[in-house]
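Let's look at how the words used for a protein model follow from its values.

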Amino acid sequence: MRRSTVRKVRGAARAAVAAVSAFSAALLVTGCDSGEGDTSAGKPSASPAAPAWNTRPGSIASLGDSITRGFDACAVLADCPEVSWATGTQVDSVARKLLTSPQTSSWNYARTGARMADLPGQMQSAIAHRPQLVTVLLGANDACRDNVADMTPAASFRADFEASVKKLRTSLPKSQLYVASVPDLQRLWTQGRANGYAKTVWKLGICPSMLKDSESADPAAEQRRAQVVKRVAEYNAVLKDVCGRDALCRYDAAVHGYDFTSEALSKWDWFHPSRKGQGELAALAYRTITAEKHPA
């Protein structure tokens, strides 16, 4: 091969090597933006997967008000936690359906008359047992006041609920939370307003903001009931929003939307769930807790 030819070949080879080197350098500079192939430290790491929901928790702590205490379900003006939808042993409760020994691995810290402001304290009591599942059904008493002006403001309701969820997450980051929607108080009025006994009992002061003057259809009464409906809707919006931002929380809108009948209400006050009503609440909660995916 002639010398001139050799020089040409060597020059071409050097040019090719330079081109490859430049191309490699360019890849090093731009590779982190290409999204392909390179896994250098500059590339953002994948987000951790959300924790999986356990459909068979081994222990339960239940929080709330008189509904979860089984008030007026067994006897007049008395709690009856034995038939509570959440932890009862004499009804097909969530605890009985899920737990091998509900008597020793479930706890009921609900209190008759409780409002959302009481939830942080109840949550603290529940945390001591390190439950795998916490249930909350609370809010009816925040709306059931002597006057609509006394109803708990939605902002205060939110603050107490958020504080309770934060308390649980700080102490027990892996515990699950089931949150029932606030029941439909207007439906209570619809079911009992034509019943003579119900109207008489309600006059004793049961949920006056909704049930007072149950037969009245004047504008003031209608407006009062509408304000209660609006506030309950605000409470449920808070529960759904806060719960929706927690990977281990399930909000159950079905409790508010359930089309219950008079048989599901206590024969003593036509307000609290009867034994049958407690069983129906348990069925709703169990469906949501044990679903592989959160029911829509």
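Q: Which pattern do the disulfides of the chain follow, with bonded cysteines counted along the chain?
A: The pattern is 1-2, 3-4, 5-6. This is a predicted model, and a search of the whole structure finds three disulfides.

Q: What makes Cys-74 and Cys-80 a disulfide?
A: The cut-off is a pair of cysteine sulfur atoms within 2.5 Å. The sulfur atoms of Cys-74 and Cys-80 are 2.0 Å apart, so the pair counts as a disulfide. The angle about the S-S bond is -70°, and this link is left-handed.

Q: Why is Cys-74 called partly exposed, and why is Cys-80 called buried?
A: Buried means under 20% relative accessible area and exposed means over 50%, with partly exposed in between. Cys-74 has 32%, so the label is partly exposed. Cys-80 has 6%, so the label is buried.

Q: How do you know that Cys-144 and Cys-207 form a disulfide?
A: Their sulfur atoms are 2.0 Å apart, and the limit is 2.5 Å, so the pair qualifies. The link is left-handed, with -80° about the S-S bond.

Q: What makes Cys-243 and Cys-249 a disulfide, and why are Cys-243 and Cys-249 called buried?
A: The two sulfur atoms lie 1.9 Å apart, which is within 2.5 Å, so this is a disulfide. Cys-243 has a relative accessible area of 2% and Cys-249 has 9%.

Q: Why are strand E2 and strand E5 said to stand at the edges?
A: Five strands form an open sheet in the order E2-E1-E3-E4-E5, and the pairing is parallel. Strand E2 (106-108) and strand E5 (249-252) each have a single partner strand, so one side of each is left without a neighbour in the sheet. Neighbouring strands of this sheet are turned by 15° against each other on average, direction ignored.

Q: How do you know that strand E4 and E5 pair?
A: Two strands pair if there are at least two bridges between them. Strand E4 (residues 176-180) and E5 have four bridges, so they meet that condition, and they do so in the parallel sense. Within this part of the sheet, Val-179 stands opposite Tyr-251 in E5.

Q: Which strands does helix H11 lie across, and which does H13 lie across?
A: Helix H11 (residues 219-244) lies across E4 and E5, at about 155° to E5. H13 lies across strand E3 (133-137), E4 and E5, at about 140° to E5.

Q: Why is Glu-280 called buried?
A: Glu-280 has 18% relative accessibility, and buried means under 20%, so the label applies. This residue is found in helix H13 (residues 275-290). Leaving aside residues up to four places away in sequence, Glu-280 touches Tyr-258 and Ala-264. The C-alpha atoms of Glu-280 and Ala-264 are 7.9 Å apart, although 16 residues separate them along the chain.

Q: What makes the approach of the Glu-280 and Tyr-258 side chains a polar contact?
A: A polar contact needs a pair of N or O atoms within 3.5 Å, one able to donate a hydrogen and the other to accept it. The side chains of Glu-280 and Tyr-258 are joined at 3.0 Å, so the distance is inside the cut-off. The side chain of Glu-280 also makes a polar contact of 2.4 Å with the side chain of Lys-276.

Q: Why is Thr-68 called buried?
A: Thr-68 has 0% relative accessibility, and the label needs a value under 20%, so Thr-68 is buried. Thr-68 lies in helix H2 (residues 66-69). Not counting residues up to four places away in sequence, Thr-68 touches several residues, including Trp-85, Asn-108 and Leu-137.

Notes: Residues numbered from 1 in each chain as written. Predicted model: local features only at pLDDT ≥ 70, side-chain atom pairs only at ≥ 80, totals over all residues. Heavy atoms only, no water. Buried < 20%, exposed > 50% of the residue type's maximum accessible area, 1.4 Å probe, protein only. Helix = DSSP H or I, 4+ residues; strand = E, 2+ residues; numbered from the N terminus. Contact = heavy atoms within 4.5 Å. Axes fitted to C-alpha atoms, helices over the stretch in contact; angles between N-to-C directions.
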